[in-house]
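Colleague: I've got the model on screen and want to go through it with you. I'll ask, you answer.

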Amino acid sequence: MLMKTYLDAAEAAHAELTRIDQVAGDGDFGDNLRDGLRGVVSRLPADADLATEFDVAATWFLDEVGGTSGPLIGLLLREIAAELAEPGDEDTALVAGLTGGLAAVQRVGEAQVGDRTMVDCLAPTVDGLRAATGPVDWTATAAAALTHARATADLRARMGRASYVGERVLGTPDAGAMGIALLFWALAVHRDPAARDGLTDPAHLDG
Amino acid sequence: MAEAFFASGADYVDRALLGFARDHGDIVELNQNPVYVTAVNRDPRRRVGIVSGGGSGHEPMHIGLVGTGMLDAAVPGKVFASPHNRQIYEASKAVAGPDGVLHVVKNYTGDRINFGIAAERLRHDGIRVERVLVDDDVATESEQTATGRRGTGATVIVEKILGAAADQGLDLDGLTELGRAVTARSRSVAVASVAHTSHVTGEPGFVLDPGQLEYGVGIHGERAQRSIPRPPLEELVDRMVADVLAKAPAGDSAIVLVNGLGGTTGIELYNVFARTTDDLADRGIAVAGSLVGTWSPALDMKGFSITVTMLDQGWAGLWHAPAWTAVLRK
């Protein structure tokens, strides 16, 4: 179950997410992501298909998860769920859903690449997926997503609460971007459990 | 320490809404999960539901402006905090007209994002939705920030004019265009001599040195970028009117709002209004409509704002059109 795998990653990364969010924000990102995913997993039927998983997760994050990033993740999940609900190839739907989700997150949050938000992980990772030819390599995508998320450590914040603390965030990556990297980690492990061995342990996001 | 008279526990915002709804049961209906208020009566010609909202602590905005001729729904958040997107989404679904929903949003990051998420969900359901973003506060006009001018008192004027136009059957695109035009012709500035009382600590939000005045405060208790020595009221109002008009389009007729920030008395606000209208008359600007009172406070802050909306053709008629809400009745 993909959302269970995402929850496992969020549990492992919880302490790290909380620590990095405390540098720039109010430190609740780890709680919001973990508790949100716990809520999703507890509500999923055991035989849920991937479209149902994303649909249940989208509604839960939009309706129940606090902060700003929780509902924004809900928007992303909603777009993926909508693509998966259509007949067709699953990977094609995932890439289309991620693309639509990125657009929705940017429409609403108005963040650009370089502003130090979840968009700094999502946008380049989605660009990489769309540029690739042949079957999707989710393991390579997950590794790339973590690299993009870590690179936010070099960015000053232009959006959100972190914009108030100036240079103090430099050296620490953005928690929201890390939360998105964990989604790609979960997609890779969901597709190929053996991929776990070649990917960074979510408990050590910050390298 | 100035303790507020809130109900015990954390639900005093919800209790206040319950009290408001009981007081005005002929005008509004309260939905409790999620929390929002809708109008009991609406003009049958209305094709678009108008929804506004924002943090609590600004009463009577926006719940007091729900009713015939104004808002179809208002969505309050916690004190000084944006409402959750689910509240906005459900309220919008409840009042959507055949031509959809118009969101009137004050320019604050949290409000923009939460209304934005709700709008995405409404579109996903096939409901048309547009937004009018109110950004009238000249104190926050700066090249150095990406956030833009805050939305403050002009919201009341925008909502009155849009409500009247909606009652005449104007469609969603027309209302959106009108709302943006009214916003573009509206500017405000606010001052405070004493901070609000923090709803969390019970202490003043900030402390001013004696004889100082905070010039350019926000409605969430935000301090200004600078304090100034406190001038006599006449000089202060002259300066505020000049600053507002410097950023407003030219015109010869205006709607004026003198808004108390919660701790300012009626006699003070009418002193301000008298001087404001003198200033406008000196500049050849006629006052075609006005509001004086506590319309959008920052809890109990002692201060006031001045808003000027330069009129365009037909707007005076919309301003004076009938409305029946808890606090604005024409």
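Modeller: First, some terms: on a 1 Å grid over the protein atoms alone, a pocket is an open set of points with protein on both sides within 12 Å along at least five of seven lines, a cavity is a set where a 1.4 Å probe fits but cannot get out, and lining residues have an atom within 4 Å of a point. Grid points are joined across faces, edges and corners, and a volume is the space filled by probe spheres set on the points. This is a predicted model, in which local features need pLDDT of at least 70 and side-chain atom pairs count only at pLDDT 80 or more, while totals for chains, interfaces and linings use all residues. Residues are numbered from 1 along each chain as its sequence is written, chains are lettered from A and ligands numbered from 1 in the order in which they are written, and side-chain values use heavy atoms, with hydrogens and water left out.

Colleague: Okay, how many Å apart do the C-alpha centres of domain 1 and domain 2 of chain B lie?
Modeller: Chain B splits into domain 1 (12-185) and domain 2 (187-314), with bounds from an automatic or database domain assignment. Where they touch (heavy atoms within 4.5 Å), 29 residues of domain 1 of chain B meet 32 residues of domain 2 of chain B. The distance between their C-alpha centres is 23 Å.

Colleague: Where does the second largest pocket lie, then?
Modeller: There's about 460 Å³ of space in that pocket. Its lining takes residues from both domain 1 and domain 2 of chain B, so the second largest pocket lies between the two domains.

Colleague: Which helix gives the most to the lining of that second largest pocket?
Modeller: The lining has 22 residues, and Phe6(B), Gly57(B), Glu59(B), Val79(B) and Leu299(B) lie nearest the pocket's centre. By class that's 13 nonpolar, 5 polar and 4 charged, where Ala, Val, Leu, Ile, Met, Phe, Trp, Tyr, Cys and Pro are nonpolar, Asp, Glu, Lys and Arg charged, and the others, Gly among them, polar. Helices (H or I, at least four residues) and strands (E, at least two) are DSSP runs, numbered from the N terminus. With 5 residues, the top contributor is chain B's helix H1 (12-23).

Colleague: And which strand gives the most to the lining of the largest cavity?
Modeller: The whole structure has 1 cavity of 30 Å³ or more, with a volume of about 70 Å³. Its lining includes Leu17(B), Glu59(B), Met61(B) and His62(B), and splits into 6 nonpolar, 5 polar and 1 charged. S3 and S5 of chain B each supply at least two of the lining residues. The biggest share, 4 residues, comes from S3(B).

Colleague: Which residue is the bridge partner of Ser52(B) in S6(B)?
Modeller: S3(B) runs parallel to S6 (101-106) of chain B over 4 bridges. Across that pairing, the partner of Ser52(B) is Val104(B).

Colleague: What about the sheet S10-S9-S8-S13-S11-S12 (chain B): which residue stands opposite Val258(B) in S13(B)?
Modeller: This open sheet also has 6 strands and mixed pairing, with S10 (226-229) and S12 (286-293) of chain B as its edges. S11 (253-260) and S13 (302-310) of chain B are antiparallel over 7 bridges. Opposite Val258(B) sits Ile306(B).

Colleague: At about what angle does H6 of chain B run to S13(B)?
Modeller: Helix H6 (233-247) lies across S8, S9, S10 and S13 of chain B. With axes fitted to C-alpha atoms (for helices, over the stretch in contact) and angles taken from 0 to 180 degrees between N-to-C directions, H6 runs to S13(B) at about 40°.

Technical notes:
Pairing = 2+ DSSP bridges.
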